[in-house]
Amino acid sequence: MNEQNLESPDDAALVDATTHYEISCFLSNEAALLDAGHYSSWMSLLTEDIRYRMPISVTVARGDAGAEALGGMAHFDEDYYSLDKRVARLQGDHAWAEDPRSRTRRFITNQRGFVGSTEDEYIAYSYLLVFRSRLDVRPPEWVSAQRRDVLRKVGTSLRLARRDITIDEAVLRTQNLAIFL
Amino acid sequence: MDIHQVREQVEMGKIPAGVYSDPGLHQLERDRLFSTSWQFLAHESEIPNAGDYVVRRILDDSFIVVRDEDCEIRVLLNMCRHRGMQVCRAEAGNASHFRCPYHAWTYKNTGKLVGLPFHTEAYGGESGFKKSQTSLASPPRTGITRGMIFACLDPTAPSLDESLGGFDFYLDLYMNHSEEGMEVRGPQRWLIQSNWKIGAENFSGDSYHTPHTHVSVVEIGLFMEPKANRRKEGALYWAGAGGGTTYKLPTDDFDKNMAHIGYPEEMVARIHDRWSADQKKMVGEAGFMVSAATIFPNLSFVHNWPRVHEGAHVVPFISIRLWQPISATETEVLSWFVVDQNAPQWYKDDSYKAYLMCFGSSGMFEQDDVENWTSITSVSKGRFSSQIELDSTMGMGDVNGTLQEPLAGWPGPGEAHVGYGEYNQRALLRRWAQALSGPTAPNGKDGWRAPLNGDMARTTS
């Protein structure tokens, strides 16, 4: 992935206040669906050409290649098929990794919305902090990340067409990614 | 826990649960196992060009694995000879030199010290401090096989090839698909609250867990077989330093079986030139293809073949993973995707996708495995539970023999059994108990640690 894609485009215009509000509602609504485990509803927010990526974070010296190091490996590199399979699994009776379910709370802040490359698309940046608690006494896990989303207007509502997640840890401290970020 | 008593229990296939969390046993692992065994560090394809490096650990020892300006691969202790600062704090990159941030001692990527500020004023020059004879330390032994770079902290250990023994026959099936060799992506790295041995045991021979632990992955239609209980038709093998599981393939023809699991013709043609007659016989005539495996103590492999597009044929993937202990109850997992560097791009893309869907930090198999392993680790800490003997006797008819005779005419080295059994888990834990209980160390003292300042020679090519 080109790391520059994750920086805000200097020459791109901010969206207007109404669109910003619409984007903000979309992201909060999506977080609520994921926290509640309403995966089918979450899938209905995705376009069928979705790309959903989370490259590994590699510690590199300043000026050295970042995301391209270590072969461009990712934690997630998904399309509609693989996300649909992951969701189908979580909705079955035998996904032990999430049974009992983790208690999650997704905190989404620092939102910025930009006009996209086509008229019906917006680029939305947000910060994400996920609190994840499993079972009883074990300490909770935190996941901190930035998201760069491409949101597409389909009819009157927004859909997620692309998500690039920048994870803030080289070594994840959550035991698996049985949750979506 | 008393290791000698544990060893007796392990020999009988009775595993006191505390082996998965006891800090005393973990200290013995550090002193007697990880300081004497060959440890995987990196694959050559991670550092293709002069100056490329990655930083990897053997427990708490940090090593720079670097290709020097002559393209020779070096393994250098990441610790300045002056005050012990890490000379490299990145995980990967390209550098001709490593300069210590503390006092600017500077080392070439061969490890040789070439820069020492105020050498004359501070030390009286070469007669005061032999700069020209100083290098970053190197582990006493390094070895490379099939592009995989290993190191060993014990100067008296057998060579890498000798240590692998008969397992190298099976290693080819994962890591030798063309003359040019494999390439890797990654590793993904994540921490799990699990003892490192549980993953190593699981990959070595636990075909018995697949039908239940991984039933969800079968239910969503990722595989050709409608039920995961086909697993019992596979063979379990152990040879030399490791063992693994296999799947039974539908025909007795090598090419047909390779096509069945999704290898395209051009890759099979290259593999034909790399695998011996017996290796091809294992996959063809005998009809067994490797799946999960472990090289003792903590290096595992996995090979499987799911669907990555709706309605499409399956595509194989291969992964290497290292169970790097942090403590008795915590493990860092490093997981690489592996593919023949000559494979067509569409195959590399699909195989990578197959890997991500199944294994690694987000993999649907791995998610459920880790849930089990963290639970075992956590519950084994109890004063009562730690003493309970877990049953690892599957396949033993009684203590004197095995229920199942080894498979006759198995084409590979070592012994193989068809069906479920814990032969390999017992073999792995037996080696573990032997390593921990003695003979203690070359000098006979407890707590012995291998010296670090050995020679820099590569022991194998």
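A: Start with strand β17 of chain B, residues 317-327. In this predicted model, the strand is mostly covered, and nine of its 11 residues are buried.

Now look at what pairs with it. On one hand there is strand β16(B), residues 299-304. β16(B) and β17(B) run antiparallel and share six bridges. On the other hand there is strand β18(B), residues 330-340. That pairing is antiparallel too, with nine bridges. The link from β17(B) to β18(B) is a hairpin of two residues.

One residue ties this picture together.

What else does β17(B) touch? It is among the elements that cover the buried residues of helix α2(B). Others include α1(B), residues 3-11, and α14(B), residues 423-437. Helix α2(B) spans residues 23-33, and its buried residues are Leu25(B), His26(B), Leu28(B), Glu29(B) and Arg32(B). Seen down the helix axis, they fall within an arc of 155°, so they line one face of α2(B). The face turned away from that buried side carries Pro23(B) and Gly24(B), which are exposed.

Go back to β18(B), the hairpin partner of β17(B). Follow it to the other chain. Between the chains, 38 residues of chain B are in contact with 34 residues of chain A. β18(B) supplies at least two residues of the side of chain B that touches chain A. So do β6(B), β12(B), α8(B), α12(B) and α13(B). β12(B), residues 182-192, gives the most, with eight residues. By class, this side of chain B has 15 nonpolar, 12 polar and 11 charged residues.

Last, step back to the domains. Chain B is divided into domain 1, residues 44-143, and domain 2, residues 165-437. Their centres, taken over C-alpha atoms, are 36 Å apart. The contact between them takes four residues from domain 1 of chain B and six from domain 2 of chain B. On the domain 1 side, the classes are one nonpolar, one polar and two charged residues.

Methods:
Residues numbered from 1 in each chain as written. Chains lettered and ligands numbered in written order. Predicted model: local features only at pLDDT ≥ 70, side-chain atom pairs only at ≥ 80, totals over all residues. Buried ≥ 20, exposed ≤ 12 C-beta atoms within 10 Å, placed from the backbone. Helix = DSSP H or I, 4+ residues; strand = E, 2+ residues; numbered from the N terminus. Pairing = 2+ DSSP bridges. Contact = placed C-beta atoms within 7 Å. Nonpolar A, V, L, I, M, F, W, Y, C, P; charged D, E, K, R; others polar. Domains from an automatic or database assignment. Arc of directions from axis to C-beta.
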